[in-house]
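The points below are grouped by topic and can be followed alongside the structure.

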Amino acid sequence: MLTKLEVGQRCSEITRSQEIDSGGTALRADLFLAVDVPLPWPKPVFNHQLLMGVEELLSNHSFPLRLVASVPENNNALTLTAYTLNDDSLNRQQWVFNPPDLSSLLERVLEGQTIEGFEEVPQEEQKRELWICTQGSHDVCCGSEGTSLALEASTKFSEVEIRRVSHLGGHRFAPTAITFPERRMWSHLNMEDLQTIFGVSSIDDKLTRKCRGWCGSKTGAEQVAEREGLKIYGRDWDRYVRKSEIISEENSEIRVQVDGIHPESRSQVGFEAVLQEVEKTPVLSCDKAGSIPNKWQTQYEIKKVNVHS
């Protein structure tokens with residue numbers, strides 16, 4: 001197991017070659033915000049002139065959320081896109097804003113207030129969306145591999161909105177992205193993977209292993225357990241209203257209960273996953289090549305899954 005990068009090596013290439021499982025590394029968030037921010041982006045992206053003061057604004061709210069910068073389609077008509085979880089339903093809204101008014105708009109969205117004084121963009125039903133990390137100023141792997149995938153995907157998936165966004169975490173898993181409305185994060189994506197994700201064919205075990213996790217479960221063992229639902233119930237699993245909970249931890253064995261309710265039939269399903277902590281792998285980063293990593297990721301192995309009848 002490689003424990004540090006040499007100068008010139010790429011973190012995503014090494015992570016991919018060592019077949020490190022990305023499971024359990026997804027964000028945990030109930031609110032996602034994408035703000036159109038003209039390039040170039042600094043590191044961190046909150047140092048961009050347009051986002052000055054935004055990080056402090058976000059810190060005043062304790063619920064799980066993530067704000068990213070997004071490459072604008074039109075620098076003269078910037079938008080804020082929000083995915084908000086309300087009563088287990090994910091709602092997408094979008095507004096046009098002038099740069100001086102961004103903080104005011106964000107504050108209203110964060111407080112759940114009625115948005116007045118901003119043009120709201122009409123929304124299509126069940127819009128599919130892909131946010132790909134392409135922030136090269138944060139990590140060269142996302143800047144190169146992420147950007148290449150985003151540009152190619154934009155020419156092939158006319159029915160999917162492809163966004164190039166800032167740091168999503170996990171640049172060692174580039175190209176890494178999140179899909180909406182599923183709120184599922186992915187690692188080492190390629191065009192074949194996207195054709196399956198946005199198609200109708202089943203998601204096989206190989207692609208399931210590329211799932212970093214569902215953002216409705218807590219990072220770590222819960223996310224690893226929850227993605228087993230894709231194997232049991234297929235892609236329809238993403239339609240279920242789900243919850244996951246660690247019910248016991250003993251030594252390195254973890255038991256996770258995962259339950260789901262079908263949105264139409266209201267039928268209830270569930271399973272208990274038994275996981276084993278098997279090792280810790282280094283969190284490699286291109287900008288820290290030559291240094292010993294100071295962050296480590298726990299690797300889990302599914303030992304048993306008990307499906308409730």
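The model is a predicted one, and the pairing of strand β1 (residues 31-36) with β2 runs in the parallel sense over 6 bridges.

- Strand β2 (residues 65-70) is largely enclosed by the rest of the structure, because 5 of its 6 residues are buried.

**Strands β6 and β7**
- Strand β6 (residues 128-133) and β7 run parallel and are joined by 6 bridges, with E129 standing opposite E161 in β7.
- The β-α-β crossover that leads from β6 through helix α4 (residues 140-156) to β7 is right-handed.
- Strand β7 (residues 160-165) is mostly covered, given that 5 of its 6 residues are buried.

- R92 lies in strand β4 (residues 89-96), and R92 counts as buried because its relative accessibility is 14%, where buried means under 20%.
- The side chain of R92 makes a polar contact of 2.3 Å with the side chain of Q123, and another polar contact, of 2.9 Å, joins the side chains of R92 and E129.
- When neighbours within four places in sequence are left aside, R92 is in contact with T81, A82, Y83, Q123, K127, E129, E161 and R163; among these residues, E129 and E161 are the two that stand opposite each other, E161 being in β7.

Terms used
Residues numbered from 1 in each chain as written. Predicted model: local features only at pLDDT ≥ 70, side-chain atom pairs only at ≥ 80, totals over all residues. Heavy atoms only, no water. Helix = DSSP H or I, 4+ residues; strand = E, 2+ residues; numbered from the N terminus. Buried < 20%, exposed > 50% of the residue type's maximum accessible area, 1.4 Å probe, protein only. Polar contact = N/O pair within 3.5 Å; in protein donor to acceptor, adjacent residues only side chain to side chain. Contact = heavy atoms within 4.5 Å. Pairing = 2+ DSSP bridges. Right-handed = clockwise from strand over helix to strand, strands pointing away.
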